[in-house]
Amino acid sequence: MPIAVLYAAALAAALLLLLSLLGKSFSQSLGVVAGNFVSGFGALALINWLAPTAGFYLPINHITLLAGGCLGLPGTMLAAALQTLG
């Protein structure tokens with residue numbers, strides 16, 4: 001199992017615990033974390049799927065997976081902005 005997957009799972013568990021401590025129920029917290037993962041990875045897949053026509057792609061590595069998985073769509077957009085600057 002790649003280390004990036006373990007990092008993403010650990011960060012998701014920490015986010016889930018934090019949301020649970022802030023007063024949300026476990027099911028609400030799980031929904032927030034799952035929604036972040038789906039939207040972040042979906043945006044990452046969409047960017048890379050459109051890469052041949054747009055001429056821009058994001059490499060799939062531990063940084064982009066953590067940004068997309070834990071922060072969701074804003075994290076993926078942040079990784080895209082950093083990619084264009086670098």
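Okay, let's start with helix H5: what covers its buried residues includes H2 and helix H4 (62-71). Buried here means under 20% relative accessible area, exposed is over 50%, and partly exposed is in between, with a 1.4 Å probe and protein chains only. Covering goes by contact, meaning heavy atoms within 4.5 Å. Helices are DSSP runs of H or I with at least four residues, numbered from the N terminus.

Quick caveat: this is a predicted model, where local features need pLDDT of at least 70, side-chain atom pairs count only at pLDDT 80 or more, and totals for chains, interfaces and linings use all residues. Residues are numbered from 1 along each chain as its sequence is written, and side-chain values use heavy atoms, leaving out hydrogens and water.

So which residues of H5 are buried? Gly75, Thr76, Ala79 and Ala80. They sit on the same side of H5, because they cover an arc of only 140° around the axis, taken from the directions from the helix axis to the C-beta atoms. Over on the other side, Pro74, Leu82, Thr84 and Leu85 are exposed.

Now, the largest nonpolar core: seven residues, namely Ala8, Ala12, Leu16, Leu19, Val33, Phe37 and Leu66. A core like that is a set of buried Ala, Val, Leu, Ile, Met, Phe, Trp, Tyr and Cys residues joined through side-chain atoms within 4.5 Å. Helices H1 (3-21) and H2 (26-49) each give it two or more residues, and H1 brings the largest share, four.
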